Amino acid sequence: MADEGWEPELGELRERQRAAQAMGGQEKVALQIARGKLPVRERIARLLDEGSFREIGSIAGTGQYAADGTLQSFCPSNMLFGRGRIDGRACVVSGDDFTVRGGAADAAIHEKIVQAEQMASELRLPLVRLLDGTGGGGSVRTLETSGHTYVPAMPGWNWVVDNLATVPVVALGLGPIAGLGAARLVSSHYSLLDRTQGLMFVAGPAIVSALGQQVTKEELGAAEMHAQTGAVDDLADDEADAFAKTRRFLSYLPSSVDALADRVPSGDPPDRCEPDLDRVVPRDRRRVYKMRRILDAVLDRGSFFEIGRQWGRSAITGLARLDGWSVAVIASDPMHYGGAWTADAAQKLVRFVELAQTFHLPVVHLVDIPGFLVGVQAEQAGTIRHGARALASVYQATVPWCTVIVRKAFGVAGAAMANHTRFRYRCAWPSGDWGSLPVEGGLDAAYKSELAASPDPAERRRQIEVRLGRARSPFRTAEKFLVEEIIVPRETRPFLCEFARLAAPLLRPGRSAFGLRP
Amino acid sequence: MPRFVVKSTMAGTVARLEVERDEMVVSEQTLLFLEVMKMEIPVESPAVGRIVTVHVDTGDLVAQGQPLVTLEN
């Protein structure tokens, strides 16, 4: 005879799941929507492939019980996570629920945060964090409920740090993000703030005002500001854009360091030549040009995915494909400080080279570097230390590396185009112009006494410039084999595609000697 | 009509102005040139619009973030 079975328990399970699905309740969810933000479950549904979300800890929260032990009410924990798929590939997703106590610690179950991070690490799956609120950060309210305080420690931070050297981590700031939430946002390989709703601060305006600085939350933590300082990588126009950018970013990377990125044939012929490139660099050294147009012309069509456009602008960084192979692209932007390395451009380069090294992406570097930015402000910004750090990351990288000198390469920053002690897969355009110092900047210092002794210093200066100009031809450098090849610019794409093909079999999965630090 | 301010993304010297007040400009049109690192770098209009104010003059030193031109569209 069959007994009644487990129907009562199955009923309770359904009931608890239904309660958790309600998030912070109708009113709070309606408020979230009125603010222009999606409820967390909707966010997860829109990010992942349809119907692929499998939640873990789906009934975790805090129950209130009657004297007889029956469940009276239930408040779900304010962070949920699980596995799902993005473009068919398994991943881990975690999402803060702002509708439950604004994401604060008193409604958090910290072990869920730990498990989400650990799951990504141990299953070697990409991790996407959807952040909204304080990310389980502290609130002084906790003092009253727990009756004691604690020495601060961040749950699962060992995994957060380790994941930066193990699996791709994307973090999206989809609301006001503070404290621990802010630390979780920037501790990623790719962080975005939603420009309509995203704000980020260590501490919000209420706390800052209590310390005497009266500011609005926009003055304190505007998304635009953080994208310009590089606190986050980029901005998303809205949540849909944030999800689209997440999918795109992940498409260039392997699921973990134990794999290599997939090749995705683009249909763009690898031998495609672009005649316009022969004329793109102006002969007049004072004039500049648009590097992004060169990138569009030489990379697989439509494949360039720029990262960090609003900060460290003299260096362009992004992921792309060459004959279908995933590559990390660095290029100078002469439209910003002439392409000179600023302190923030150097910081951006460190971050990007470490990303390429971690996930085994060959690097392609299109060079137009007149040097480090010079002057009082540049010195005050600590340019040389940040620049030397960029040099260190370039010299420590072991992924295949290819350089195309489009125009300038001067001084220490110019020399940092590649680790010159490795085999140099390198070429230059005929517009190449290089040395320790540009003639324009270095002439007066080098010929100071000769110019001072001259009856007509201006004329003397002009004569010296002409003399030096003759030795400046890139062909004289190539004649001495101090640059490997000078190519016709239109043939740059075939040169790069061949590099990508040669690099592919050299890539080795595994943990890099150094991981990425936020 | 919405107004927006084109701010300098870098420090430099205004080499020359390419537009004046009330002029209509199109997206990516050069508004002025900044001299930086011995090069003349164009500052382009981010959108179609009419120039309401030109905040700087030839020879001015500008800092990063300083307003250069106000547009209205």
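**View 1. Helix α4 of chain A.** Helix α4 (residues 110-122) of chain A contains 13 residues and reaches 18 Å from its first C-alpha to its last, close to the 18 Å expected at 1.5 Å a residue. The expected span is 1.5 Å times one less than the number of residues in the helix. Helices (H or I, at least four residues) and strands (E, at least two) are DSSP runs, numbered from the N terminus. This is a predicted model, in which local features need pLDDT of at least 70, side-chain atom pairs count only at pLDDT 80 or more, and totals for chains, interfaces and linings use all residues. Residues are numbered from 1 along each chain as its sequence is written, while chains are lettered from A and ligands numbered from 1 in the order in which they are written.

**View 2. The buried residues of α4(A).** In α4(A), the buried residues are A:Lys112, A:Ile113, A:Ala116, A:Glu117, A:Ala120 and A:Ser121. A residue is buried if 20 or more other C-beta atoms, placed from the backbone, lie within 10 Å of its own. An α-helix has 3.6 residues a turn, so residues three or four places apart point the same way. The cover over the buried residues of α4(A) includes β4 (79-86), β5 (89-96), β6 (127-133) and α6 (157-163) of chain A. After α4(A) comes A:Arg124, with a positive phi near 55°.

**View 3. Chain B as a whole.** Chain B has 0 helices and 8 strands. The C-alpha atoms of chain B fill a box of roughly 35 × 20 × 15 Å along the principal axes. Of the 73 residues in chain B, 32% are buried.

**View 4. The open sheet of chain B.** In chain B, 4 strands form an open sheet in the order β5-β4-β2-β7, with antiparallel pairing. Two strands pair if DSSP finds at least two bridges between them. Because β5 and β7 (61-62) of chain B stand at the edges, each with a single partner strand, one side of each is left without a neighbour in the sheet. Strand β2 (residues 12-17) of chain B is joined to β7(B) by 2 bridges, and the two run antiparallel. B:Gly12 has B:Val62 as its bridge partner in β7(B).

**View 5. The side of chain B that touches chain A.** Here 9 residues of chain B are in contact with 13 residues of chain A, contact being C-beta atoms, placed from the backbone, within 7 Å. Strand β5 (residues 39-44) of chain B gives the most to this side, with 3 residues.

Conventions. Two residues are in contact if their C-beta atoms, placed from the backbone, lie within 7 Å. A residue is buried if 20 or more other C-beta atoms lie within 10 Å of its own, exposed if 12 or fewer, and partly exposed in between; C-beta atoms are placed from the backbone.
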